[in-house]
Amino acid sequence: MAAKADSILVTEGVSIRFGGLLALAGISLVMRPATITAIIGPNGAGKTTLFNCITGFYRPTEGRIIFRPDGRDVVLNRLPIHKIAQLGVARTYQNIRLFGQMSVLENLLVAQHHFVNHRLISGIFQTRSFRKSEAEAVEQAWFWLEFMGMEQLANQDAGTLPYGQQRRLEVARAMASRPRLICLDEPAAGLNLQESEELNQLILKLREEHGVSVLLIEHHMGVVMSISDHVVVLDHGEVISDGTTEQVQQDERVIKAYLGEEDAEELQSVTKGAG
Ligand SMILES: Nc1ncnc2c1ncn2[C@@H]1O[C@H](COP(=O)(O)OP(=O)(O)O)[C@@H](O)[C@H]1O
Ligand SMILES: [Mg+2]
């Protein structure tokens with residue numbers, strides 16, 4: 001399939017049923033490497049459910065999810081969560097899930113557990129490879145703290161951070177696991193305008209400096225339109241539009257079928273580069 005050749009993630013007819021509810025009804029999408037793809041749609045459209053399928057929290061009833069970190073196909077459907085993480089898929093949560101009673105630095109170390117040599121025996125004897133991977137994990141943690149401008153908070157309990165800092169720490173934690181694909185579930189939710197703008201710049205920098213592919217669920221149209229390369233619109237578990245920001249903004253189906261009038265005005269008023 002030509003469309004698949006230059007891709008990092010492909011979903012083919014992904015469906016999931018919860019009892020009587022078909023939460024995802026055949027989602028097919030192709031995501032290009034090192035791009036920012038936004039998933040938008042009203043509450044209950046299935047956005048988080050799609051993330052849960054990609055990251056292994058849910059098993060699709062039908063369809064395939066193909067991750068292509070190095071040009072070879074890896075079908076994610078049947079893999080456990082930790083295996084998917086190891087392959088290079090990281091995520092953040094719509095509702096922040098940090099370890100509140102652990103320090104900021106510890107949160108970043110825990111995120112890397114699958115890289116640290118955990119074999120009990122090497123831990124006991126403090127083998128060279130154990131110490132090396134531990135040192136690397138600490139280095140990674142500091143790198144991402146600096147990237148987020150949070151070094152001075154390293155020893156503070158994560159639960160005591162202001163909300164905006166917790167959101168940033170979640171992104172840092174996901175990046176510390178060295179992903180190729182990062183799935184951000186409404187990272188700007190609850191942020192004020194300035195915090196949200198700063199987060200945008202960080203997301204752009206992630207892509208530019210680290211080549212990571214970003215799958216972004218986002219509510220704020222301004223954010224979506226200013227930083228996305230590609231937008232996929234979901235409604236009732238289906239893709240109702242898929243294209244560039246301009247294409248999606250002009251799509252009658254998006255304007256009429258799913259957005260309320262107020263949202264539709266907002267959708268059309270924001271242009272790339274603004275907001
Ligand atoms: N574990 C689950 N059990 C039953 N229904 C679920 C489950 N997870 C999600 N849903 C339902 O699937 C639909 C899509 O939810 P969700 O993916 O959270 O929407 P969005 O993130 O787009 O707001 C909703 O109707 C939700 O209630
Ligand atoms: Mg959601």
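A residue counts as near a molecule or strand if its C-beta atom, placed from the backbone, lies within 6 Å of it. The model is predicted, so that local features need pLDDT of at least 70 and side-chain atom pairs count only at pLDDT 80 or more, while totals for chains, interfaces and linings use all residues. Residues are numbered from 1 along each chain as its sequence is written, and chains are lettered from A and ligands numbered from 1 in the order in which they are written.

**Exercise 1.** Determine which residues lie around ligand 1 and which elements supply them.

*Solution.* Begin with the list: the residues around ligand 1 are F18, L21, A23, G41, N43, G44, A45, G46, K47, T48 and T49. Next, sort them by class, with Ala, Val, Leu, Ile, Met, Phe, Trp, Tyr, Cys and Pro as nonpolar, Asp, Glu, Lys and Arg as charged, and the others, Gly among them, as polar; the shell then divides into four nonpolar, six polar and one charged. Finally, assign them to elements, where helices (H or I, at least four residues) and strands (E, at least two) are DSSP runs numbered from the N terminus. Both β2 (21-31) and α2 (47-54) supply at least two residues of the shell, and α2 gives the most, with three residues.

**Exercise 2.** Work out the strand order of the open sheet of six strands and locate its edges.

*Solution.* Two strands pair if DSSP finds at least two bridges between them. On this basis the order is β6-β7-β8-β3-β9-β10, with mixed pairing. The edge strands, each pairing on one side only, are β6 (89-91) and β10 (238-243). Within the sheet, β3 (residues 36-40) runs parallel to β9 (residues 230-235) and is joined to it by four bridges, with I39 standing opposite V232 in β9.

**Exercise 3.** Trace the antiparallel pairings of β4.

*Solution.* On one side, β4 (residues 62-67) pairs with β1 (residues 9-18) over five bridges in the antiparallel sense, and V10 stands opposite I66. Two bridges also join β4 to β5 (residues 74-75), again antiparallel, where F67 stands opposite V74. The hairpin of β4 and β5 has six residues between the strands, and there G71 takes a positive phi near 85°.

**Exercise 4.** Explain why α7 is described as largely enclosed.

*Solution.* A residue is buried if 20 or more other C-beta atoms, placed from the backbone, lie within 10 Å of its own. Because 10 of the 14 residues of α7 are buried, the helix is largely enclosed by the rest of the structure; among these buried residues are R167, E170 and M175. Just after α7, R178 takes a positive phi of about 55°.

Note on methods
A residue is buried if 20 or more other C-beta atoms lie within 10 Å of its own, exposed if 12 or fewer, and partly exposed in between; C-beta atoms are placed from the backbone.
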